[in-house]
Amino acid sequence: MIVSLCMIAYNEVEAIDGLFGDIALQEYPHEKIEVVFVDSMSTDGTYEKMMNFKNTDFGFRDVKIVRCEKMNQAHSWNAALMTFTGDVVIRVDAHARIPRNFVSRNVYNLKQGENVVGGGRPNISSNASSWKLTLLAAEDSLFGSSIAGYRRPSAEKEYMDSLFHAAYRREVIAEVGGFNEDLGRTEDNEYHYRIRMAGYKMCCCPDIISYQHSRNTLKHMVRQKYGNGKWIGLTLSECPGCLSYFHFAPFLFVMMLVACTVLAFYGTSLPLLVLLVLYAMFDFVNSVSCCTLKNMQPQFALLPFIFPLLHVAYGIGTIVGLAEIPFWQRKIKNSPAKEHIELVRQKVAENTRVTWNNKEL
């Protein structure tokens, strides 16, 4: 199998060195690996590092670099899909690390008859300090992050609704097409929803693993949660089927908190007290769990305060996203996103180059 290993980046000069080293050390035959980088007009030296990688002879089948003027994740991934020529495309995030057998294990599982495969994706922290390990514990916790199954895979193969760093057979892309460029941060959810609706299963394999760098500052982590929540709210109007009830748990918590606070203001304080006590119990239990399951640090004492910050930020983001739906729908009314989905489908299905708007790239 010819594998196209794809990565997109914008101003990731500090993050990509480790990943580039991991790619260069892949044990899968390099003459069967095509590397595709997409740079969204970085200004910090990311593009130059891509060029240095391309100009270094690692023995790869090819190293391609595409530059996109449009700083949109889905658009950049579509540029990668319009460029790859392999039998399989593997998507890897710029904030990631992959082991030497990453490509080979993906290929092995695809050869077992699967169409889309992936594996566990635990969080890691670079230059670990006590504070960064505390943030990592919050991000890695079920309470502080996501219930996505690929974060905590089992010892057996499982079929899931979504995967991270997934590998797709060419025929899957040929049928489903490209990513929806109207979406941000939820483009994966919507894309994997369309894959499932097309009849394909997404297999999480225990022998595949990759790693994702967590945010190294609380400010960036809170901002990330707010943005994730906002896109959940907006996506509800575009593709409700790709979302789960759990995506709206922080939204419900914030709405209940507001409602109970209003009741308390008018003299009925019991609902607010009950809500706070219940939340505090979950908060305490999960904070203690982090202390027992992780390499405990002094700053772990701050976890009971970090968790509510993340939940409230996510919930407020969802509220803002829901409120902005009418304005957002007007904004994307004449968007070419659906056309780009079909352009990718045609190109991959026909295995020939179709016209792509270079101004938008």
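**Aromatic pairs and a few buried spots**

Asp17 comes out as partly exposed, because its relative accessibility is 44% and that class covers whatever falls between buried (under 20% relative accessible area) and exposed (over 50%), using a 1.4 Å probe and protein chains only. This is a predicted model, in which local features need pLDDT of at least 70 and side-chain atom pairs count only at pLDDT 80 or more, while totals for chains, interfaces and linings use all residues. Residues are numbered from 1 along each chain as its sequence is written, and side-chain values use heavy atoms, with hydrogens and water left out.

Asp17 sits in helix α1, residues 16-24; helices (H or I, at least four residues) and strands (E, at least two) are DSSP runs, numbered from the N terminus. Between Asp17 and Asp39 there are 15 Å in space, C-alpha to C-alpha, with the two 22 residues apart in sequence.

On the aromatic side, the structure has eleven aromatic pairs. Rings of Phe, Tyr and Trp (its six-membered ring) pair if their centres lie within 6.5 Å; planes under 30 degrees apart count as stacked, over 60 as edge-to-face and the rest as tilted. Phe20 and Phe37 make a stacked pair, at 4.9 Å centre to centre and 25° between the planes. That pair links distant parts of the chain, with Phe20 in helix α1 and Phe37 in strand β2 (residues 33-39), 17 residues apart. Phe20 is buried, at a relative accessible area of 7%, and Phe37 is buried too, at 0%. A second pair, Tyr168 with Tyr191, is edge-to-face because the ring centres are 6.0 Å apart and the planes stand at 75°. It also joins distant parts of the chain: Tyr168 belongs to strand β9 (residues 167-169) and Tyr191 to helix α7 (residues 187-197), 23 residues apart. Both Tyr168 and Tyr191 are buried. As for Phe20 and Phe37, they belong to one aromatic cluster together with Phe53, Phe58 and Phe60.

Ser76 counts as buried because its relative accessible area is 1%. Setting aside neighbours within four places in sequence, Ser76 is in contact with Ile8, Val38, Ser40, Cys68 and Lys70, where contact means heavy atoms within 4.5 Å.
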